[in-house]
Structures are given as structure tokens and as C-alpha cells.
Amino acid sequence: MVRMALEHAILVSLSERRASGLDLTRRFDRSIGFFWSATHQQIYRVLGRMEAAGWVRREHVAQQGRADKKVYDVAPAGRAELERWLAEPAPMESFRSEVAVKLRAASYGDRTAVLDQVAAHRADRAARLAHYEQLAARDFPEPAGLEGRELDVYLVLRGGIRLEQFWVEWLTEYLDAHDPDRAGDPRRVVEPVDTPTTRHEGAHP
């Protein structure tokens with residue numbers, strides 16, 4: 001069984017819309033990276049490897065006053081690899097969390113320091129949850145009528161929402177058990193998150 005690699009995440013992104021290397025790194029920063037992270041250097045290195053393997057093809061697009069833009073698209077061999085990978089059984093996801101280990105170990109050190117970290121993590125998760133909910137309200141106001149790719153995108157977004165809800169609720173429960181005054185309502189301090197204005201423009205997890 002071949003596990004998911006960065007190559008497959010890139011094939012999925014390019015199947016949705018062709019892109020330059022810079023466009024891809026932005027998508028990973030804003031959307032795909034929420035569930036499959038990669039550095040800019042990794043993306044460019046893997047793109048080169050995929051082109052050498054014939055999985056992607058590169059086109060030079062002229063730009064006024066600037067150097068040509070290298071735009072990548074999925075080649076037939078890449079589409080065949082994506083289809084092969086999609087048909088492979090997916091292994092059960094493993095859960096690794098440094099935060100969870102710290103929660104278990106808090107009684108062996110400075111619990112106040114751990115609680116500070118928990119509060120900070122909860123604020124980050126609450127901000128991401130608010131961001132996902134804004135995207136859902138903006139881009140999918142009537143989800144009942146969705147089908148095909150748009151339904152897939154929406155359901156992945158729903159998965160992101162539910163995952164962040166879990167984290168916010170779990171960390172709130174931990175804070176409430178050890179320091180009720182600190183628990184409060186995590187959404188009170190969440191600032192609005194700027195989102196891209198173009199529908200589906202790399203905004204979804």
C-alpha cells in the first residue's frame with residue numbers, strides 16, 4: 001500500500017486548477033496546508049520530481065513586463081497515478097498531539113504554564129473555526145443543492161469545522177476543570193479572519 005505523499009496533494013490541487021509553483025505554495029499556506037502541510041522548498045522540489053516523472057507538464061505563460069510564468073498542469077501519467085492512489089485503501093489516521101501529552105503530564109511540572117499553552121491553542125483553534133464557518137456561510141449558503149466536486153469541497157470544509165469544534169470543546173473542558181475562571185467563552189476574543197474574496201480561490205481546507 002502506498003501512503004499519501006505530497007505528490008498526491010499537489011495532483012489534487014492541480015486537478016482542481018492549474019497553477020504556478022507560487023500559486024501552489026499560496027494554496028498550501030491558505031487551504032491544503034490545513035490538512036497536509038509542506039514548505040515552499042518542498043513544493044518546488046517535488047514539482048521538479050513530478051515533472052521528471054511525467055506526472056505534470058509545464059507551460060511558459062508570457063507576462064507583460066516580467067519573466068514568463070511557469071504554469072503546471074496534470075499530465076495523463078499524473079492523472080493515472082491519482083486514480084491509482086484514490087483506489088488504494090486508506091489506512092486509519094494516526095493521532096499524534098504534543099498538546100495531549102502535555103495535558104497528561106501537567107501534574108509533573110508547572111500546570112499554570114500548561115494552562116497558558118492550552119488557552120493559546122484554544123484561541124488559535126477558535127480563530128480557525130470562525131474562519132471555516134465564514135467560508136461555509138459565504139461560499140455554500142445552500143449546501144442541500146450541491147453535488148459532485150462542490151459537494152466534496154463542502155464536506156471537507158464541514159470536516160474541518162467539526163474537527164476545530166472538537167478541539168475548542170476539549171480544550172475548554174480541560175480549562176474549565178482546572179481553572180473555571182479562565183475557561184469562559186472562547187469565541188468572545190476571536191477576531192474576524194480575512195478571507196479571499198474569490199469563491200473557492202484556495203480558501204478551503
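**Stop 1: the hairpin**

Select Gly65 first. In the hairpin of β2 and β3, Gly65 takes a positive phi near 75°. Two residues lie between the strands of this hairpin. Keep in mind that this is a predicted model.

Now show the strands on either side. Strand β2 covers residues 56-63, and seven bridges join β2 to β3. The two strands run antiparallel. Pick Gln63 and look across to β3: Arg66 stands opposite.

Select Ser20. Which residue is the bridge partner of Ser20 in β3? The partner is Val71.

**Stop 2: helix α4**

Move on to residues 76-87. This is helix α4, with 12 residues. From its first C-alpha to its last, α4 reaches 17 Å, close to the 16 Å expected at 1.5 Å a residue.

Colour Gly78, Glu81, Leu82 and Trp85. These are the buried residues of α4. They cover an arc of only 100° around the axis, so they sit on the same side of α4. The spacing fits a simple rule. An α-helix has 3.6 residues a turn, so residues three or four places apart point the same way.

What covers the buried residues of α4? The cover includes α1 (6-16) and β3 (66-74). Then turn to the other side of α4, where Pro76, Glu83 and Ala87 are exposed.

**Stop 3: the aromatic rings**

The structure holds five aromatic pairs. Select Phe95 and Trp167 to see one of these pairs. The rings are tilted, with 45° between the planes and 6.2 Å centre to centre. This pair links distant parts of the chain, 72 residues apart. Phe95 is in the loop between α4 and α5 (98-105), while Trp167 is in helix α7 (residues 148-178).

Buried or exposed: how does Phe95 count? Phe95 counts as exposed because its relative accessibility is 57%. Trp167 counts as buried, because its value is 8%.

Trp170 counts as partly exposed because its relative accessibility is 26%.

Phe95, Phe166, Trp167 and Trp170 form one aromatic cluster.

**Stop 4: helix α7**

Colour its buried residues. Among them are Val153, Leu157, Ile161, Trp167, Leu171 and Leu175. Glu164 and Thr172 are also on the buried list. What covers the buried residues of α7 includes α5, α6 (111-139) and α8 (180-183).

**Stop 5: helix α6**

End at α6. It has 29 residues and reaches 42 Å from its first C-alpha to its last, close to the 42 Å expected at 1.5 Å a residue.

Select Asp110. Asp110 caps the N-terminal end of α6. Show its side chain: an oxygen there lies 3.1 Å from the backbone nitrogen of Thr112.

Then colour the buried residues of α6, including Val114, Val118, Leu129, Tyr132 and Leu135. Arg122, His131 and Asp139 are buried in α6 as well. Which helices are included in the cover of the buried residues of α6? They include α5, α7 and α8.

Notes. Residues numbered from 1 in each chain as written. Predicted model: local features only at pLDDT ≥ 70, side-chain atom pairs only at ≥ 80, totals over all residues. Heavy atoms only, no water. Helix = DSSP H or I, 4+ residues; strand = E, 2+ residues; numbered from the N terminus. Expected span 1.5 Å × (residues − 1). Buried < 20%, exposed > 50% of the residue type's maximum accessible area, 1.4 Å probe, protein only. Arc of directions from axis to C-beta. Contact = heavy atoms within 4.5 Å. Pairing = 2+ DSSP bridges. Phe/Tyr/Trp six-rings, centres within 6.5 Å; stacked < 30°, edge-to-face > 60°. Polar contact = N/O pair within 3.5 Å; in protein donor to acceptor, adjacent residues only side chain to side chain.
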